Amino acid sequence: MNFSTFWQNAPLSFVLILSFIGLAIVQFLMGVDIDTPSTRDLLRFGANFMPLSMTSEPWRLISSGFLHIGVLHLLFNSFALYYFGQVTEIIIGSMYFGALFILAVVGGNLLGDYLAWQAVFLGTPPPISAGASGGIMGLGAFLFSLALLRAPIGLKLNTKNLGFVMAINLLMGFAVDGIDKAGHIGGALVGFIIGVIYSRALSRGRRADRVLIGAMVAIVAGFMMIWYWLHWQIMAVIG
């Protein structure tokens, strides 16, 4: 890995990876067992937990995307972000890349919390989850949609390689405890939808940046409606 080239081409991707590693180092220095953190430690460092994320601490929908459960989880997500992040950032720029990543993280967590809320009525306690996988799957699905629709982006995307790395990251959700599998799916859906909209705008010769902003604003509005709906559902039950 050429760090100088990586920094020049994708500075925000570089910063995100450093933030993942930095948070893990802070946890280690504060006595947290990185591979088997306690529930208390996960919550202390911002993990997603439906009873908190959907009530008084919605910031967990974002903060959990920077927290990882185990060194293997951290390494896989850092590699996947290096692979997907720099390409996405080159295509749409740092600002839109950052917004796409955060939206995919939030979308994945919202889907996970919605399913957790439904499972509560079946007697299943809500899980605690963490990881950037939702955001990374969003980036991968965004690139995958560009490749499928042959968007005129000036780069040739390898559909098979994209699918392979996405599959590895998806499998991590089944191999590591505490990773929200629904988060992977939700993040991928967000990225794919934005990718389709962006591809269509490019193919039709429209101002793709304006279309991208409009799509992201609409998704934010939708997320807020979902959060408030779940929030009031939960508050009506817990009083």
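Biologist: Which residues does Ala 132 touch, not counting residues up to four places away in sequence?

Modeller: Please keep in mind that this is a predicted model. Ala 132 touches Phe 20, Gly 65, His 68, Asn 77 and Phe 101, once residues up to four places away in sequence are not counted. The residue itself lies in the loop between β2 (128-129) and α7. Its C-alpha atom and that of Ser 63 are separated by 9.5 Å, although the two residues are 69 residues apart along the chain.

Biologist: Is Ala 132 buried or exposed?

Modeller: A residue counts as buried when its relative accessible area is under 20%. Ala 132 has a relative accessible area of 0%, so it is buried.

Biologist: What can be said of Ser 133 and its side chain?

Modeller: Ser 133 is found in helix α7. Its relative accessibility is 2%, and therefore Ser 133 counts as buried. The side chain of Ser 133 makes a polar contact of 3.3 Å with the side chain of His 184.

Biologist: Asn 109 is among the residues closest to the centre of the largest cavity. Which residues does Asn 109 touch, not counting residues up to four places away in sequence?

Modeller: Asn 109 touches Asn 48, Arg 60, Leu 61, Ser 64 and Ser 129. With Asn 48 there is also a polar contact of 3.4 Å between the side chains. Asn 109 is found in helix α6, and it is buried because its relative accessible area is 8%, which falls under the 20% limit.

Biologist: How much space lies in the largest pocket, and which residues lie nearest its centre?

Modeller: About 230 Å³ of space lies in the largest pocket. Of its 14 lining residues, Leu 61, Val 106, Val 220, Phe 223 and Met 224 lie nearest the centre. The elements that give two or more residues to this lining are α5 (60-63), α6 (71-120) and α10 (208-238). The lining residues divide into 14 nonpolar, no polar and no charged.

Biologist: How many residues has the largest nonpolar core, and which have the most contacts inside it?

Modeller: The largest nonpolar core has 54 residues, and Ile 92 and Ile 194 have the most contacts inside it. Helix α6 gives the most to this core, with 16 residues. A second, separate core of 10 residues includes Leu 23, Phe 45, Phe 49 and Ile 128.

Biologist: With which residues is Ile 194 in contact, leaving aside its neighbours within four places in sequence?

Modeller: Ile 194 is in contact with Leu 100, Leu 103, Phe 142, Leu 212, Met 216 and Ile 219.

Terms used:
Residues are numbered from 1 along each chain as its sequence is written. This is a predicted model: local features need pLDDT of at least 70, side-chain atom pairs count only at pLDDT 80 or more; totals for chains, interfaces and linings use all residues. Side-chain values use heavy atoms; hydrogens and water are left out. On a 1 Å grid over the protein atoms alone, a cavity is a set of points where a 1.4 Å probe fits but cannot get out, and a pocket is an open set with protein on both sides within 12 Å along at least five of seven lines; lining residues have an atom within 4 Å of a point. Grid points are joined across faces, edges and corners, and a volume is the space filled by probe spheres set on the points. Helices (H or I, at least four residues) and strands (E, at least two) are DSSP runs, numbered from the N terminus. Ala, Val, Leu, Ile, Met, Phe, Trp, Tyr, Cys and Pro count as nonpolar, Asp, Glu, Lys and Arg as charged, and the others, Gly among them, as polar. Buried means under 20% relative accessible area, exposed over 50%, partly exposed in between (1.4 Å probe, protein chains only). A polar contact is a pair of N or O atoms within 3.5 Å; within protein, one must be able to donate a hydrogen and the other to accept it, and residues adjacent in sequence count only if both atoms are side-chain atoms. Contact means heavy atoms within 4.5 Å. A nonpolar core is a set of buried Ala, Val, Leu, Ile, Met, Phe, Trp, Tyr and Cys residues joined through side-chain atoms within 4.5 Å.
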